[in-house]
Amino acid sequence: MLNLWIVWLHNFRDNLKKIKNIINSFNYIIIKKMNSHLIKQNILPNIRNNVLRRLFFKNYSRRYSSLINSDVFQTNNRIHGFKVQETRHIPELELTAIQLIHEATGAKHLHIAREDNNNVFGVGFSTPPTNNCGTCHILEHTTLCGSERFPVRDPFFKMLNRSLANFMNAYTANDYTMYPFSTTHKLDYENLRDVYMDATFHPNLKESDFKQEGWRLEHENPLDGSTNLQFKGVVYNEMKGQMSDAGYLFYSRVQQEMFPNTVYGYNSGGEPKYITDLTYEELLNFHKSHYHPSNAKIYTYGNFPLEDHLIAINEKMKGFGKIVPDEGIKVSKPFEFPQKVKFNGPLDPMNSPEKQTKFSISYLTNDITDVFETFALKLFSYLLLDGHSSPMYKALIDTNIGSDFSENTGYDDSTRISSLSIGLQGMKSQDIELAEETIRKVLEDIHKNGFDSKRIEAALHQTELSKKHKTSDFGLNLMNGLSSSWFSNINPADLLEVNKNVKVIKEKLKSGPFFQSLVEKYFFNNPHILTCIMEPDSNFTQELNQEEEKRLESKITSLSPSDKEKINEQSLELLKKQEEKEDLSVLPTLKVGDIPLQMRRFTLDFNDIEGCKVQWRKTATNGITYFKAICKIEEELPEELRLYFPLFTQVLTSLGTKTKTMAELDDEIRLYTGGISCSPTVSTNHSDLFKYENGFEIAGHCLDRNIDNMYDIIKQLLLETNFDNVEKLKTVLYGNASNMMNSVVDSGHEYARTFAASRIAPAMGLTEFYGGMTQVYFMNKLAQSEDFDIVVSKLKEISSLVLNKPSLRVAINCGSEVVNKNETVLQKFLNGFPESNNYNKDKENIERPKFQVQNEKAFFPFPFSVNFCAKALRGVPYSHPDSAKLQVLSSLMKTHYLHREIRERNGAYGGGAVYSSTNGIFSFYSYRDPKALDTLETFHKSIDWVLDRKFTQQEIDEAKLSIFQALDAPISVSQEGNIYFEEKISDDLRQKRREQLLSITESDVKVAANLYLKNQYEGSKEYSIAIIGQESDEIQNNSDYKIYKLDIGDE
């Protein structure tokens, strides 16, 4: 599905990868909004994504009793067709877990009762793959294309505009498929539950949906039978794009080789060369045998009554009996001796081919049904691998044997038998033996000496902090964290008991060399060890294309005249189906009247400390202080320094100081804080698109008892960073360079949108400089440089220009009881900052030199099998009344035209239009798109379409509902007040815009389309286009396009 969630291993890949959390004793994961194939589940997520949140020991029993009737939900009680299997109170997470079984079908139900109004529902099925055809992935898509009660095309996408859900999605994991959503609105919850359960248990599964979402043969122009036949299909193109990602390819191949002859030996997402072997009949049979209540697990979370859930779910289960589902083979026969595998992958054109080898050693570890052993190995992996002070980081990354850890590095319990991998990317082939020897020596040292006690203490501190850190998506993260183990028939309540596992760990550490015994068991006395090596191949993409051409030719050759005629008929029928006017009244919907007229406001206080403006949000934070500071750059940095600015913000948390190594500081950060991050920030003025604020933001949070330590660490990072640490600087640069290609593969549409917008708005120009293709190019050039003295001097110069007290402003979210303590420590913190003599406090969003709009068409050739396209036009500032009109317009265009044309017809994984109210840019985009130029034409046609089309009031209302999903989504306590602090957008300004959104009419939309889209496109020509993707002669030979060659030989 478009924007589906992909679980992705990012430990060691982000610049903000500092503090990740080990205490997700139940397989907590990082979730990235990209696509439906669940690549990997892994512990060690960034602390911000940790799902261990609130811990209120006081008055818990009162809250518990208000949510759950303990008499009704006692073990073995029967209620509404279900039998209670277990009710367990988990005090450290302030929740109660109730497990039930549906007696007629055997469906499992887990309910998490917690005082949280962001309620979650999920229905999932065990879907073990038996080949690489992507059956379960394509089925995930097609089940959401219409059902018995809701026989409309794509009810899932239609419900996106008829709901206030803050999350709706579906994803395919290694061996299961999940369909979750979350909402705070009870009627909305009931509506979506009906749609999801009807879609999964009673889908229509039409052959035309299989061909649209899976794969089909179709003429390039379906209306012209003389054009060439091609492979088309949403999943087919999605996975073509996925297989262009070297990191994904490496992880996928390692897993397949690690678990041969099991369900994990196949790619559940599907591989393009096998997807075209899947038949419609096979899809139907897979649904019949796997999408059955006997094979289902249902998850509910939040403060809605459990009895209401059970009544509704029991009704949906009527008519089903019991079957015995096939869970597939999940345990492979252990290797008799270690194995080694070599294969090729795509070449990154921006890096030296000599340093693009990927390598890892994977060790088979425990059966994940042993919950404590799983917890212990997660902790072991954290201690071994995570952060600057970890033994493997110091031995492998700081020494530049590799530029970064490989994507599969870490402990992986998403398979029934877990594994732990240690790997590198950005390395030379000739250094593989050195890497193997280094890994062996580090393990030997741990076997002999164990881990540093301070590091273990820091890990346990992270456990305590994570249980208190509140987030708005707790229920969703909890579901994702539990699912893999739950589908391996592990009691999810066992996974939730964090304190129990921590207690056992502490006892074992006291009684003997605990971690040393794990080394002996899993790393020294273990024949099931796999070494994988992936070498870059400049012909990799070309060979993929050749294989596709050969496969296509084989398919075409086997077609009879009647087959070809059938293809034509089915293509025209699909086109007709996509054009049909549907009766959407069968779908449930909320009304605009369900949107609260008044927004939620946050009381903020302000004062000055040492001449620094401080914003206070005094609220219940569960004993945590959240700190954020913005250092504003008043005068524009010279261009030669501007490109270095993102690196400057990164190295503040990477180089260490003159007196402490980064490893020592990293230990302190983990011991006293929940992580410290630093990044550039650009915010457009809310009333003038040609004014903006530029600077950088540093943020952290800590337990209230550690306030002094947190401020002290942040001050050291800001004022004492050792820019002369060239060796560590090299490590940072090499890591950045090796990760850039992965970033573009993952988020190419965002890079394209940012580049296109940079040509028409000054703030976006700077944003592109800091984090767009220009920065991608610059970082890779910098990594090839031999003269690091220049880099050091630039970083020092930036530091002298931007770090001063008057340019700082601070925001603190904390409890009222620690405000005085924060004020005292903050005053001490600010005392050491340098003063700036030429600073003018009254300057706000100063006007820069006049910005020159460029009507540019840019093309970035990359070795991808698909493209990312964008077109940007300038709108109006946040406070302008037309801003609301443009946002409603973008929703209408995406829902009623662009989705159909780009995804359903052209086969791109996704596409649409989006209006950013804060930067005033109206953007068209496509994602993993096989037809870039056709899509650009679609963008253009959509303008006339919207001007000619008559919109109903229902459609206008649905557009508003889709906007308020994000506008009213729950936020974490750490985010309260952020919009004003970062953007200077007040609650009054937000309320005014809210009222403008609610009052938009069809006439308003047409006026905005004509004024800001048609006039700019055909009149002033103030728009820009960017395409990132596969080489195209049609584009290369078009003089209208500016070609950006991003290989290391270009200057």
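**Salt bridges, burial and helix packing**

User: How many salt bridges does a search of the whole structure find?

Analyst: The search finds 65 salt bridges. The model is a predicted one.

User: What makes the pair Arg-78 and Glu-103 a salt bridge?

Analyst: A side-chain nitrogen of Lys or Arg has to lie within 4 Å of a carboxyl oxygen of Asp or Glu. For Arg-78 and Glu-103, the closest N and O atoms are 2.9 Å apart, so the pair meets that limit. Arg-78 belongs to strand β3 (residues 78–79), while Glu-103 sits in the loop between β5 (95–102) and β6 (108–113), so the bridge ties together parts that are 25 residues apart in sequence.

User: What makes Glu-444 and Arg-440 a salt bridge, and what separates them along their helix?

Analyst: The closest N and O atoms are 2.4 Å apart, again within 4 Å. Glu-444 and Arg-440 are four residues apart in helix α13 (residues 432–449), which means that about one helical turn separates them. Glu-444 has 36% relative accessibility and counts as partly exposed. Arg-440 has a relative accessible area of 36% and is partly exposed too.

User: Why is Asp-209 called buried, and what is it in contact with?

Analyst: Its relative accessible area is 1%, and under 20% means buried, so Asp-209 is in that class. Asp-209 lies in helix α5 (residues 207–213). Leaving aside neighbours within four places in sequence, Asp-209 is in contact with Thr-142, Cys-145, Gly-214 and Lys-577.

User: Why is Arg-874 called buried, and where is it found?

Analyst: With a relative accessible area of 13%, Arg-874 falls under the 20% limit and is therefore buried. Arg-874 is found in strand β27 (residues 867–874). Residues up to four places away in sequence not counted, Arg-874 touches Leu-689, Phe-690, Ile-760, Val-853, Gly-920, Ile-921, Tyr-1012, Gln-1016 and Glu-1022. Arg-874 and Ile-760 are 114 residues apart in sequence, with a C-alpha to C-alpha separation of 6.5 Å in space.

User: Why are helices α2 and α6 called oblique to each other?

Analyst: The axes of α2 (residues 135–142) and α6 (residues 234–242) come within 10 Å and cross at roughly 130°. Roughly perpendicular ends at 115 degrees and roughly antiparallel needs over 145. The angle lies between these limits, so α2 and α6 are oblique. Their crossing is right-handed. In the contact, His-137, Ile-138 and His-141 of α2 meet Val-234, Val-235, Glu-238 and Met-239 of α6.

User: At what angle do α11 and α14 pack, and what is the handedness of their crossing?

Analyst: Helix α11 (residues 371–385) and helix α14 (residues 453–468) pack at about 125°, with axes 11 Å apart. That angle makes α11 oblique to α14. The crossing is right-handed. Leu-379, Tyr-382 and Leu-383 of α11 make the contact with Arg-455, Ile-456, Ala-459 and Gln-462 of α14.

User: What makes α31 roughly antiparallel to α35?

Analyst: Helix α31 (residues 932–948) and helix α35 (residues 1002–1020) have axes that come within 10 Å and cross at roughly 150°. Over 145 degrees counts as roughly antiparallel, so α31 has that relation to α35. α31 passes α35 in a left-handed crossing. The contact involves several residues of each helix, among them His-940 and Ile-943 of α31 and Lys-1006 and Ala-1009 of α35.

Terms used:
Residues numbered from 1 in each chain as written. Predicted model: local features only at pLDDT ≥ 70, side-chain atom pairs only at ≥ 80, totals over all residues. Heavy atoms only, no water. Helix = DSSP H or I, 4+ residues; strand = E, 2+ residues; numbered from the N terminus. Buried < 20%, exposed > 50% of the residue type's maximum accessible area, 1.4 Å probe, protein only. Axes fitted to C-alpha atoms, helices over the stretch in contact; angles between N-to-C directions. Parallel < 35°, antiparallel > 145°, perpendicular 65-115°, else oblique. Left-handed = near helix turned anticlockwise from the far one by under 90°. Contact = heavy atoms within 4.5 Å.
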